[in-house]
Amino acid sequence: MTTLVIGGAASGKSEYAESLLVSAKKKLYIATMQPFGQEAQQRIKRHRSLRARKGFETLERFTALGDLTDAELPDGCSVLLECLGNLVANELFSPDGAKEEAENAILDGMKFLAGRCRHLVVVTNDVFSDGITYDADTERYLTLLGCCNAMLAAQFDAVVEVVCGIPIVLKGATT
């Protein structure tokens, strides 16, 4: 099963995504946020605290999901990937990223994960509502994130938007 969870900042999407895998036996949390700066480090610390004692094994992976090894991604495990927004930024702008091939790297990586997992939950951001025009690099990022969100929403079994901590099922069933 595949589930895409989308929401704005601090909407409760992470907690909801974690709840989807609470009964899974083998749970892997793929963290895509690179620990740049104090704000990122505090956010990472907060997320680790929120999922403590929930049974997740954490794997920090910033790019190239399709290169995960059998040892890193045991067959049949359940995976929570957080978040697609960071993965898109990493693939576009990181020295290790796929750059012009970012879309293919991300979608191929998701296909690889979905083929290996019992349940794949991907958390992504809704960052498209502010109506602001950004610089070219940010617009490129937003366009690619929107494209990846749309493609995963079309391919995944379920899509849930979390607003004010309330999950709203947009597609499929989450159980």
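Predicted model: local features only at pLDDT ≥ 70, side-chain atom pairs only at ≥ 80, totals over all residues.
The model has an open sheet of 7 strands, ordered 3-2-4-5-1-6-7, with mixed pairing. Strand 3 (56–60) and strand 7 (166–171) are the edge strands, each pairing on one side only. From one strand to the next, the twist averages 20°.

On the strand 7 side, you can follow the pairing residue by residue. Strand 1 and strand 6 run parallel and are joined by 5 bridges, and here Gly7 stands opposite Val162 in strand 6. Strand 6 (residues 158–163) then pairs with strand 7 in the antiparallel sense, over 5 bridges. Across this pairing, Glu161 stands opposite Ile168, and Val160 stands opposite Val169. The hairpin of strand 6 and strand 7 has 2 residues between the strands, and Cys164 takes a positive phi near 55° there.

## Helices on the sheet

Helix 4 (residues 102–116) lies across strand 1 (2–7), strand 2, strand 4 and strand 5 (119–125). Relative to strand 5, helix 4 runs at about 150°.

Val163, Ile166, Ile168 and Leu170 make a nonpolar surface patch of about 340 Å². Strand 7 gives the largest share of this patch, 3 residues. Leu170 is in strand 7, and it counts as exposed because its relative accessible area is 51%, with the cut-off at over 50%. In a regular strand, side chains alternate between the two faces of the sheet.

If you are wondering about Cys148 and Cys164, they are 16 residues apart along the chain, and their C-alpha atoms are separated by 24 Å. Cys148 sits in helix 5 (residues 136–155) and is buried, at 0% relative accessibility. Beyond its neighbours within four places in sequence, Cys148 is in contact with Leu84, Val88, Ile106 and Leu107.

## Salt bridges

The count of salt bridges comes to 7. One of them joins Arg61 and Glu72, with the closest N and O atoms 3.5 Å apart. Both residues lie in the loop between strand 3 and strand 4, so the pair ties together parts that are 11 residues apart in sequence. Arg61 is buried, with a relative accessible area of 15%, whereas Glu72 is partly exposed at 25%.

Another pair is Arg116 and Asp75, whose closest N and O atoms are 3.2 Å apart. This pair links distant parts of the chain, 41 residues apart: Arg116 is in helix 4 and Asp75 in the loop between strand 3 and strand 4. Arg116 counts as buried at 16% relative accessibility, while Asp75 counts as exposed at 62%.

Arg140 and Glu100 also meet through their side chains in a salt bridge, at 3.4 Å from N to O. Arg140 lies in helix 5 and Glu100 in the loop between helix 3 (84–93) and helix 4, so parts 40 residues apart in sequence are tied together. Arg140 is partly exposed, with a relative accessible area of 32%, and Glu100 is exposed at 66%. Finally, salt bridges with shared partners join Asp70, Asp75 and Arg116 into one network.

Note on methods
Residues numbered from 1 in each chain as written. Heavy atoms only, no water. Pairing = 2+ DSSP bridges. Helix = DSSP H or I, 4+ residues; strand = E, 2+ residues; numbered from the N terminus. Axes fitted to C-alpha atoms, helices over the stretch in contact; angles between N-to-C directions. Contact = heavy atoms within 4.5 Å. Patch = residues over 30% accessible without salt bridge, like charges linked within 9 Å, V, L, I, M, F, W, Y side chains within 5 Å. Areas by Shrake-Rupley, 256 points an atom, 1.4 Å probe, with all protein chains shown as cover. Salt bridge = Lys/Arg side-chain N within 4 Å of Asp/Glu carboxyl O. Buried < 20%, exposed > 50% of the residue type's maximum accessible area, 1.4 Å probe, protein only.
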